[in-house]
There are 2 protein chains.
Amino acid sequence: MSKQSLKTVLNKKFEYKVNGTLWMECDGEGFLGPGRVELMELIEKTGSINKAAAEMGMSYKKAWEMITAMNAQAAKPLVITQSGGEKGGGSAITEEARTLIQYHTKLRQRFLAFLEKETQNLIDS
Amino acid sequence: MSKQSLKTVLNKKFEYKVNGTLWMECDGEGFLGPGRVELMELIEKTGSINKAAAEMGMSYKKAWEMITAMNAQAAKPLVITQSGGEKGGGSAITEEARTLIQYHTKLRQRFLAFLEKETQNLIDS
């Protein structure tokens, strides 16, 4: 075991940070991360998968695939396309999607708190 | 605010998990993550950058670039090549590298504990 302090390893001239990414998985596949959450939030805002995808610089096809995957992974659909189709009735997110986004927001806050605490420990080391 | 429980959003047939990755940054650039730690551990084990790189399926050039970057980011070199060069004297990791690896191992344990706790919360929700 090294007896040395971390202080002697880090260069005082530089700024060190602990960083990371977090996501939810479903049966080992990606289920929910910042990208899918943003897509759902933009669908809620614009009422349109097309507009939401465009705001994210993403193709409609890619957005549709993400939605199809998410809807199949959740117990109930997260995004629904109302009668009249994409151009007619538009799209919306469900109450289940809102619950999931709320959970994700809180999970993300706890993760950011973890990263901040670890970064502070590093600086104080 | 949604009043719904997360339980109704998740499908009982599937297994959900919170997963993520973690790394250290230095002035906004990647400094230390599982890859660099593994490289240092293999240099310690084999006494050779070449052998360590080969075990990771990485080119010598790539390993050398990682080491050059790490050495410049830390206060003191983490990997040293002893006199005689790579083929003559071999390479070793320093006491500073060992301190850093120890810190990284504990940081990783705290992160895994965070992920497990969040996954458990999700399952219990």
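Predicted model: local features only at pLDDT ≥ 70, side-chain atom pairs only at ≥ 80, totals over all residues.
Colleague: Which exposed residues sit on the face of H1(A) turned away from its buried side?
Modeller: A:Pro34 and A:Lys45. Residues are numbered from 1 along each chain as its sequence is written, and chains are lettered from A and ligands numbered from 1 in the order in which they are written.

Colleague: OK, and which residues of H1(A) are buried?
Modeller: A:Arg36, A:Leu39, A:Met40, A:Leu42 and A:Ile43. Down the helix axis they fall within an arc of 165 degrees, so they line one face of H1(A). That arc is taken from the directions from the axis to the C-beta atoms.

Colleague: What covers them?
Modeller: The cover includes strands E2 (29–32), E3 (79–81) and E4 (91–93), plus helices H2 (49–55), H3 (60–73) and H5 (95–124), of chain A. Helices (H or I, at least four residues) and strands (E, at least two) are DSSP runs, numbered from the N terminus.

Colleague: Pick A:Ile43. What is it in contact with, leaving aside neighbours within four places in sequence?
Modeller: A:Ile49, A:Ala52, A:Val79, A:Ser91 and A:Ile93. Contact means C-beta atoms, placed from the backbone, within 7 Å.

Colleague: What comes after H1(A)?
Modeller: A:Gly47 follows H1(A), and its phi is positive, near 70 degrees.

Colleague: Switching topic: how is chain B laid on chain A?
Modeller: By a turn of 180 degrees and a shift of 0.0 Å along the axis, with an RMSD of 0.0 Å. The two copies are thus related as by a two-fold rotation axis. The superposition is by least squares on C-alpha atoms of residues with pLDDT of at least 70 in both copies.

Colleague: Which residue of chain B comes closest to that axis?
Modeller: B:Thr21, with its C-alpha at 2.7 Å.

Colleague: And how many residues of chain B are in contact with chain A?
Modeller: 36, and they touch 36 residues of chain A. The elements of chain B giving two or more residues to that side are strand E1 (16–26) and helix H5 (95–124). E1(B) gives the most, with 11 residues.

Colleague: Why do you say the copies meet through the same surface?
Modeller: Because 100% of the interface residues of chain B are also interface residues in chain A.

Technical notes
Buried ≥ 20, exposed ≤ 12 C-beta atoms within 10 Å, placed from the backbone. Contact = placed C-beta atoms within 7 Å.
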